[in-house]
Amino acid sequence: MNAIIMQGGKQYTVKKGDEVIVEKIDADIGAKITVPTVMTFDNGKIDTKPGKIDATIVEHGKGEKINGFKYKPKNNVRKKFGHRQPYTKIKIGGNN
């Protein structure tokens, strides 16, 4: 069974047993969560009714650093900044 899930305002195509990196979820490692689905695909049949899929939180972390730079000409304004986006890795289970 394949499904399209929605988490953190983004959609991901997943199947049972996949590990997916999504936006940070405030829960402990090993916690069970329920993720809403947009569509499910099963043996060529498409089901567009909303459903839910169980998932387990595997780890939390931060992505690679992204450097940014702001510059305003003729004003001697230069500002460098960095950002690391937090993420959560989840393992997809079965249907709820």
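The following paragraphs lead through the fold of this protein, from its overall dimensions to individual residues.

The structure is a predicted model, in which local features require pLDDT of at least 70 and side-chain atom pairs count only at pLDDT 80 or more, while totals for chains, interfaces and linings use all residues. Residues are numbered from 1 along each chain as its sequence is written, and side-chain values use heavy atoms, with hydrogens and water left out.

The protein contains zero helices and nine strands, where helices (H or I, at least four residues) and strands (E, at least two) are DSSP runs numbered from the N terminus. The order of elements from the N terminus is accordingly β-β-β-β-β-β-β-β-β. The radius of gyration is 19 Å, well over the 12 Å that the globule rule gives for 96 residues, so the protein is more spread out than a compact globule. This radius is taken over C-alpha atoms, and the globule rule is 2.2 Å times the number of residues to the power 0.38. Along the principal axes, the C-alpha atoms fill a box of roughly 60 × 30 × 15 Å.

Of the 96 residues, 22% count as buried; buried means under 20% relative accessible area, exposed over 50%, and partly exposed in between (1.4 Å probe, protein chains only). The accessible surface comes to about 7100 Å², and 49% of this surface belongs to carbon and sulfur atoms. Such areas come from the Shrake-Rupley method with a 1.4 Å probe, and for residues only the protein chains shown count as cover. Among contacts with a separation of 6 or more, 59% are made by residues 24 or more positions apart, a contact being heavy atoms within 4.5 Å. The protein carries 19 positive and 10 negative side chains, and the centres of the two sets lie 12 Å apart. Here Lys and Arg count as positive and Asp and Glu as negative, with His and the chain ends not counted; each charge is placed at NZ of Lys, CZ of Arg, CG of Asp or CD of Glu.

Strands β7 (residues 66-72) and β8 (residues 77-83) pair in the antiparallel sense over seven bridges, pairing being assigned if DSSP finds at least two bridges between two strands. Y71 stands opposite R78 in β8. The two strands form a hairpin with four residues between them. In the loop between β7 and β8 lies K74, which has a positive phi of about 65° although it is not a glycine. K74 is exposed, at a relative accessible area of 86%. N76 belongs to the loop between β7 and β8 as well; its phi is near 55°, a positive value in a residue other than glycine, and N76 is exposed at 67%.

T40, in strand β4 (residues 32-42), is buried, with a relative accessible area of 16%. Beyond its neighbours within four places in sequence, T40 is in contact with N2, A3, K45, I46 and D47. K62, in strand β6 (residues 51-62), is exposed at 53%. Not counting residues up to four places away in sequence, K62 touches R84, Q85, P86 and Y87. The C-alpha atoms of K62 and K24, 38 residues apart along the chain, are separated by 9.2 Å.

Finally, N95 lies in strand β9 (residues 86-95) and counts as exposed at 52% relative accessibility. Its contacts, leaving aside neighbours within four places in sequence, are M1, K52, I53 and D54. N95 and M1 are 94 residues apart along the chain, and their C-alpha atoms are separated by 9.5 Å.
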